[in-house]
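Hi,

Here is the structure I promised to send you. Have a look at it first, then read my notes below.

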Amino acid sequence: QVQLVESGGGLVQAGGSLRLSCAASGRKLFMGWFRQAPEKEREFVSAIIWGNNLTYYSDSVSGRFAISRDNAENTGYLQMNSLKPADTAIYYCAASTVPGNVRAPDAYRTWGQGTQVTVSS
């Protein structure tokens, strides 16, 4: 059973950067990041295939965010640059041990507790 612990959220001004971390125990096929703003549905942000480092991004963050993983540390990262107020949300990391659509929330079996990211204008 994979367990996930997130860290790295906070308050930042527009144009700034933050890096989120997701410490994971156990085997996983892929790890994803999702976000949920107030009164909105959870949306896909980015994902990485743990074994081959293949990455995926939503159109809204492509070119600004970068997902990565450290195999030795068993930790995933989401580097967020050029942040905008529209990026304000609770960010969740998630992982799965079985194949699935990395962009779909229901493909993930395990979720982190979430970390708040607030971008001020």
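A quick definition to start: helices (H or I, at least four residues) and strands (E, at least two) are DSSP runs, numbered from the N terminus. This is a predicted model, where local features need pLDDT of at least 70, side-chain atom pairs count only at pLDDT 80 or more, and totals for chains, interfaces and linings use all residues. Residues are numbered from 1 along each chain as its sequence is written, and side-chain values use heavy atoms, with hydrogens and water left out.

Let's begin with alanine 14, which sits in the loop between strand E2 (10–13) and strand E3 (18–25). Its relative accessibility is 40%, so alanine 14 counts as partly exposed (buried is under 20% relative accessible area, exposed over 50%, partly exposed in between, with a 1.4 Å probe and protein chains only). Alanine 14 and serine 120 lie 106 residues apart in sequence, yet their C-alpha atoms are 5.7 Å apart.

Next, the cysteines. Searching the whole structure turns up 1 disulfide, meaning a pair of cysteine sulfur atoms within 2.5 Å. Cysteine 22 and cysteine 93 form it, with their sulfur atoms 2.1 Å apart. That pair links distant parts of the chain, as cysteine 22 is in strand E3 and cysteine 93 in strand E9 (residues 89–96), 71 residues apart.

Cheers
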